[in-house]
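Thanks for passing this one along. Here are my notes, in the form of numbered points to read beside the coordinates.

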Amino acid sequence: MLKRSCIVVAGALIAVAACTATPVSAASVATKGTGWKLTSELGVTSASPSKTYTITFGTEAMRKRYTPYLTAAVSQVNAAGLHLRTGGVEANDPSACGPAYHIQFMEMYRPLGTPGWSQAMPCPNQPGGLGRGGLVAIDSEYWDGTWPVKDHVLRNTVVHEMLHALGLDHPNRDIDKDGTVEPGECVATSYGNKPVMCSPNGGYGTTANKGKLLAYDVNGIKQLIANAKAQGLK
Ligand SMILES: [Ca+2]
Ligand SMILES: [Zn+2]
C-alpha cells in the first residue's frame with residue numbers, strides 16, 4: 001500500500017518545522033472543519049488571495065510527468081479562489097524553500113526513509129500564517145518499478161502532496177471514538193469517497209475523478225483564502 005506523509009522533506013527545514021509553529025491568534029481564523037484541516041502545526045493557515053502560486057519541477061522529465069496529473073486539481077483550486085498554475089523547470093534544494101509562492105516538485109529515493117512514502121510541506125512559520133509555497137518530494141520508487149502503484153493512487157498522491165505545500169493537512173480524526181486516529185479514518189461521502197487529503201490513499205478511485213479534490217478539500221482551500229481576508233493579508 002502506498003503511504004504518504006506530510007511533515008518534512010529534509011535537512012534544516014525539518015528542525016524549524018518541528019520546533020516552532022507560529023500560534024494562530026485571530027479568532028476569525030478557522031483551521032479545521034468537516035473533512036479538511038489546515039497546517040496549523042507548521043504555522044500556515046492562510047493563502048494569498050492576490051498572488052499566484054506556481055508549481056515548478058526539478059527537471060523537464062518531471063514537468064512532463066506531473067503536469068497532466070495536476071491539471072484538474074489546479075482548475076479546482078482556482079475555482080475555489082486560490083490562484084495556482086503549473087510552471088516550468090527550476091533548480092530546487094530539499095533543505096530550503098524556493099522563491100516565494102513557488103511549489104517545487106522533486107523526486108527523491110524514499111524521502112522519508114520508508115519504502116513508498118512521499119513527502120511534502122508548506123514553507124513553515126510564515127508571518128500571519130500566510131503560505132508562500134513549499135516543497136514536494138515524490139518517492140522515485142513509483143517510477144523505477146520497485147513500488148508499483150495503481151494509476152488513481154498515483155494521481156491522487158501527486159495532488160495530495162501538492163495540496164500539503166499549499167497548506168492542507170490530513171483531516172483524519174477519531175470517528176469511531178476508540179481513542180486512536182487511524183490510517184484512513186476520515187469522513188466519507190455517501191459513495192464512500194474520502195478527501196484526497198485523507199491519509200493514506202484518499203481521493204476518488206474512478207477514471208473520471210482520479211486526481212480531483214473532493215468538496216471537503218475544496219472547502220479547505222476556500223478557508224485558506226478566507227483566513228487571509230479575515231486578517232487583511234494580501
Ligand atoms: Ca479511531
Ligand atoms: Zn499527506
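1. Which cysteine does a disulfide join to cysteine 186? The partner is cysteine 198, with an S to S distance of 2.0 Å. Please keep in mind that this is a predicted model. The torsion about this S-S bond is about 90°, so the link is right-handed. Both cysteine 186 and cysteine 198 sit in the loop between H3 and H4, twelve residues apart. Cysteine 186 is buried at 8% relative accessibility, and cysteine 198 is buried too, at 0%.

2. A search of the whole structure gives two disulfides. Cysteine 97 is bonded to cysteine 123, and here the sulfur atoms are 2.0 Å apart. The link is left-handed, with -130° about the S-S bond. Cysteine 97 belongs to the loop between strand S6 (83-89) and S7, and cysteine 123 to the loop between strand S8 (117-122) and strand S9 (130-131), so the bond ties together parts 26 residues apart in sequence. Cysteine 97 is partly exposed, with a relative accessible area of 26%, while cysteine 123 is buried at 2%. With the bonded cysteines numbered in sequence order, the pairing reads 1-2, 3-4.

3. Now to the metal. The zinc ion (ligand 2) has His160, His164 and His170 as its protein donors, each through NE2, at 2.0 to 2.1 Å. Along the chain these donors follow the spacing H-x3-H-x5-H. Histidine 164 is buried, with a relative accessible area of 2%, and histidine 170 is buried as well, at 15%.

4. Helix H3 covers residues 151-166. At 1.5 Å a residue, its 16 residues should span 22 Å, and the end C-alpha atoms are 23 Å apart, which agrees. The helix is mostly covered, with 13 of its 16 residues buried. Just after H3, glycine 167 adopts a positive phi of about 125°.

5. Finally, the core. The largest nonpolar core has 41 residues, and those touching the most other members are Leu70, Leu84, Phe105, Leu163, Leu166 and Ile221. Elements giving two or more residues to this core include helix H2 (60-79), strand S7 (102-108), H3 and helix H4 (215-230).

Key. Residues are numbered from 1 along each chain as its sequence is written. Chains are lettered from A and ligands numbered from 1 in the order in which they are written. This is a predicted model: local features need pLDDT of at least 70, side-chain atom pairs count only at pLDDT 80 or more; totals for chains, interfaces and linings use all residues. Side-chain values use heavy atoms; hydrogens and water are left out. Helices (H or I, at least four residues) and strands (E, at least two) are DSSP runs, numbered from the N terminus. The expected span of a helix is 1.5 Å times one less than its number of residues. Buried means under 20% relative accessible area, exposed over 50%, partly exposed in between (1.4 Å probe, protein chains only). Donors are N, O and S atoms within 2.8 Å of the metal (3.2 Å for Na, K and Ca); water is not among the atoms, so sites may look incomplete. A nonpolar core is a set of buried Ala, Val, Leu, Ile, Met, Phe, Trp, Tyr and Cys residues joined through side-chain atoms within 4.5 Å. A disulfide is a pair of cysteine sulfur atoms within 2.5 Å.
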